Structure formats: C-alpha cells, structure tokens
Amino acid sequence: TNLYFDYETFGIHKKAGCGILAFLEGLPSAILEQEGWKFVTPSEALDIHYPKDIYDVPRTISWEGKEKECCVWSENMMQHNTIRKIYDIESMVKQSSMTEALECWSRLQSADHFYYMCTKFWSDGDVHKYFSPYDSPYDAYIYYMNVVSDFEITLKEAEKSKKPVARKKAEPVEA
C-alpha cells in the first residue's frame with residue numbers, strides 16, 4: 001500500500017490546523033502496531049513478493065489534469081523533447097566519473113520540471129500558472145533545456161578528463 005501526496009498538500013491544500021501533520025507523524029507507529037505490517041522499499045517488496053502479472057502502460061497517465069486522459073507532464077512537444085533528452089543521456093550518466101552525476105540526473109527527472117511546461121491550462125490561470133516560478137511554459141522549457149545542456153557538457157568534460165568532477169553548488173538567486 002502506498003500513500004502519495006503532492007508537497008503542496010501540506011500547507012496549501014491542507015493547513016497544519018486541520019491535523020494533517022499530526023496524522024502523518026502518527027501514521028508510521030500506528031501501522032507498525034498492527035501485526036503483519038512493515039515498511040519496505042520497492043526493491044525489498046520485489047524480493048518478498050513475486051509479480052503475478054505485468055501491467056503494461058504504453059503512455060504516461062496521471063490523476064492530474066481535469067480530463068484525466070491526458071497527462072500534464074507529457075502533453076506537448078516541449079515536454080516530449082525534454083523527457084526524450086533526459087533519457088538519452090542516461091548511459092552517459094551511468095558511465096560518468098562525475099561523483100554527483102546520478103543525483104543530478106535524478107533531480108532533472110522531477111515531475112515539476114515537466115509540469116511547468118504544461119500549456120493546456122496556462123491561459124485560464126489554472127494551478128499550473130499559480131505554482132510556476134516561470135513567466136510561461138516556454139520559459140520553463142528554455143531554462144530546463146539550458147540546464148540539461150550544461151549538465152551534458154559537464155558529463156562530457158568529466159569523461160575527457162577521466163577525473164571525478166564535483167559540480168559547484170548553485171548559489172541562491174534573489175528574485
């Protein structure tokens with residue numbers, strides 16, 4: 001059993017006064033008090049339970065979005081291009097001598113990057129616009145692709161030098 005929440009659930013959709021934080025704090029101990037319940041990672045769950053069938057999902061699906069049949073993370077060409085690009089550099093990341101390569105690559109796969117590129121509801125002031133730090137989905141795309149391009153160049157430089165390359169931590173930018 002998995003419980004998934006958007007981070008915005010805490011503090012935006014559900015205020016602290018409603019008891020959500022107390023619920024989350026008490027949930028693990030309440031579960032562990034029950035016989036036969038424990039927490040495991042997905043890999044541990046696969047070791048414990050043999051899959052009974054395969055669930056093939058040929059297209060991205062999501063609960064997000066008003067129509068439910070179209071995913072706000074992969075509904076336009078910008079999103080398709082960025083998803084393809086980030087997966088295209090997977091082998092470079094896995095073979096890299098750059099110490100933080102895998103962590104950086106994982107962060108670049110965060111759903112928010114693709115969510116901010118959604119154009120479907122932008123014009124009507126939907127939640128996409130409310131939460132986005134960008135002026136438009138197109139700005140989100142340009143910034144993201146610049147970061148991915150910089151990351152790819154850094155991976156190539158690390159490969160050329162065959163020395164671990166530590167990335168500088170980004171300095172906070174004041175708005």
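The following questions and answers concern selected residues of a predicted model.

Q: How are the ring planes of Y116 and Y134 arranged: stacked, tilted or edge-to-face?
A: A pair of aromatic rings is described by the distance of the centres and the angle of the planes. For Y116 and Y134, the centres are 5.9 Å apart and the planes stand at 65 degrees. Planes over 60 degrees apart count as edge-to-face, so the pair Y116 and Y134 is edge-to-face.

Q: How many residues apart in sequence are the parts that the pair of Y116 and Y134 ties together?
A: Y116 belongs to the loop between α6 (111-115) and α7 (127-131). Y134 belongs to the loop between α7 and α8 (137-161), so the pair ties together parts whose separation in sequence is 18 residues.

Q: Is T82 buried or exposed?
A: T82 is part of helix α3 (residues 77-88). Its contacts, leaving aside neighbours within four places in sequence, are F114, M117, Y141, Y144 and M145. The relative accessibility of T82 is 0%. Buried means under 20%, so T82 counts as buried.

Q: Which residue has its backbone oxygen 3.4 Å from a polar atom of the side chain of S97?
A: S97 sits in the loop between α4 (90-95) and α5 (101-107), and it is partly exposed, with a relative accessible area of 23%. A residue 61 places away in sequence has its C-alpha 6.4 Å from that of S97. The backbone oxygen at 3.4 Å from the side chain of S97 belongs to A158.

How values were computed. Residues numbered from 1 in each chain as written. Predicted model: local features only at pLDDT ≥ 70, side-chain atom pairs only at ≥ 80, totals over all residues. Heavy atoms only, no water. Phe/Tyr/Trp six-rings, centres within 6.5 Å; stacked < 30°, edge-to-face > 60°. Helix = DSSP H or I, 4+ residues; strand = E, 2+ residues; numbered from the N terminus. Buried < 20%, exposed > 50% of the residue type's maximum accessible area, 1.4 Å probe, protein only. Contact = heavy atoms within 4.5 Å. Polar contact = N/O pair within 3.5 Å; in protein donor to acceptor, adjacent residues only side chain to side chain.
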